[in-house]
Amino acid sequence: MSVLLTRLDMLSVAFGQTPVVQLADDAVNLYAKLEFANPNGSAKDRSAYWILKRAIERGDVTEHTTVVESSSGNFAISMASFCQVLGIPFVPVIDPNCNAPTEAYLRTICERVVKVEEPDGSGGYLRTRLARVQELVEELSPAYWPDQYSNADALEAHYRMTGGELCAAFRTIDYVFVGVSTGGTVAGVSRRLKEHFPNVTVVAVDAAGSAIFGRSPSARRIPGLGSSIVPELCDRARIDDVVIVPERQAVEGCHELFQRHGLYAGGSTGSVYAAIRGYFDQSPPSGRRPTVVFLCADRGASYAHTIYNPAWVKEQLGDEAAGARPVVLHRADRRDRQEGRKESHDGLVP
């Protein structure tokens, strides 16, 4: 067995089943799966680990490979940590929206961090970051780009691990709410749950300003949710409904989770919690109380200077969209888009 595979085996021990806790709620039986209990504090640990595992097994990553990826958040933290254990260099490509604690961590653990400063035409930085990644892959050869936006190994990670744990933990799930950025989590979880609970409603949660579900991209200040491109993995997800959450509502969701339930969660999680509120406000459940599950994707520590800082919220968001509520796009609202693309769900996951 190679040195990398031996070290990978050591990493696998760190992945236990993340806890599921019930939260008090007046309308639904609400459960949170605490993905921030993963080794580096986020759901991205799952996809980063599995992508590296498969790449090493295929020979795409060796002891001489440099891993290069675009990320201004949790995926970069996960990759940096795991590459450190494996003894291979990792170069993250970040942008000005990267939280200060995240950037500080990356600069501590990585010999090289590349920060792009020029926004792309969408008002964000993703396309600029991806272009820089391609330059670095050529410069640092042999190099490996995980390409978290289209890498099916990310889907498989959440199909096998996150989705598998949910199926084992519940007798029934009526709704599952999942934040969307690169698409790996929602693709893997939705496919696994649809197989096990055929009647489950999968609700994808996106950020206002994101282009994932056909809207025009615009500037976003909170990293973690949304994208200025449409990730390939999203087309492999089995999504029923979508909720678009303004950033102010994401902030309020974080604060409510903390104050009401004691969960100090990140921006993605606050957005998902706000989406649940908006979804059932618009369509209150009738009859029995449905079982609703959502993923607490990351901790709030990285957002201490932003989401949990009133001065930052006032400066960055001000009164912008103060009265805006989450926008719910039900299946019927999305029919044209669904019928306009070719669906292919077979043979993607062993």
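**Exercise 1. The seven-stranded sheet**

State the order of the strands in the open sheet of seven strands and the kind of pairing.

Solution. 
Step 1. The order is β1-β2-β10-β7-β8-β9-β11, and the pairing is mixed. Strands (E, at least two residues) and helices (H or I, at least four) are DSSP runs, numbered from the N terminus. Two strands pair if DSSP finds at least two bridges between them.
Step 2. The edges are β1 (20-23) and β11 (327-329), each of which pairs on one side only.
Step 3. From one strand to the next, the twist averages 25°. Such angles run from 0 to 180 degrees between N-to-C directions; axes are lines fitted to C-alpha atoms, for helices over the stretch in contact.

A note on the model: it is predicted, local features need pLDDT of at least 70, side-chain atom pairs count only at pLDDT 80 or more, and totals for chains, interfaces and linings use all residues. Residues are numbered from 1 along each chain as its sequence is written, and side-chain values use heavy atoms, with hydrogens and water left out.

**Exercise 2. Strand β10 and its partners**

Find how many bridges join β2 to β10 and how many join β7 to β10.

Solution. 
Step 1. β2 and β10 run parallel and are joined by six bridges. A32 has F294 of β10 as its bridge partner, and K33 has L295.
Step 2. β7 and β10 also run parallel, with three bridges between them. Here F177 is the bridge partner of F294 in β10.
Step 3. Now check the burial of β10. Six of its six residues are buried, where buried means under 20% relative accessible area, exposed over 50% and partly exposed in between (1.4 Å probe, protein chains only). T291, V293 and L295 cover one side, while V292, F294 and C296 lie on the other.
Step 4. Take T291, which lies in β10 (residues 291-296). Its relative accessibility is 10%, so T291 counts as buried. Leaving out residues up to four places away in sequence, T291 touches N29, Y31, F170, T172, I173, D174 and Y175; contact means heavy atoms within 4.5 Å.

**Exercise 3. Aromatic pairs**

Classify the ring pair of Y31 and F170, and then that of F177 and F280.

Solution. 
Step 1. The structure holds 13 aromatic pairs. Rings of Phe, Tyr and Trp (its six-membered ring) pair if their centres lie within 6.5 Å; planes under 30 degrees apart count as stacked, over 60 as edge-to-face and the rest as tilted.
Step 2. For Y31 and F170 the centres are 5.1 Å apart and the planes stand at 80°, so this pair is edge-to-face. Y31 is in strand β2 (residues 29-34) and F170 in the loop between α6 (152-169) and β7 (175-179), so that 139 residues separate them. F170 is buried, with a relative accessible area of 11%.
Step 3. For F177 and F280 the centres are 6.0 Å apart and the planes at 55°, so the pair is tilted. Because F177 lies in strand β7 and F280 in helix α9 (residues 267-282), the pair ties together parts 103 residues apart in sequence. F177 and F280 are both buried.

**Exercise 4. Two packed helices**

Describe how α8 and α9 pack.

Solution. 
Step 1. Two packed helices are described by the angle between their axes and the distance between the axes.
Step 2. For α8 (residues 247-261) and α9, the angle is about 90° and the axes are 7 Å apart.
Step 3. That makes α8 roughly perpendicular to α9. Angles under 35 degrees count as roughly parallel, over 145 as roughly antiparallel, 65 to 115 as roughly perpendicular and the rest as oblique.
Step 4. Residues in the contact include Q249, A250 and G253 of α8 and G267, T269 and G270 of α9.
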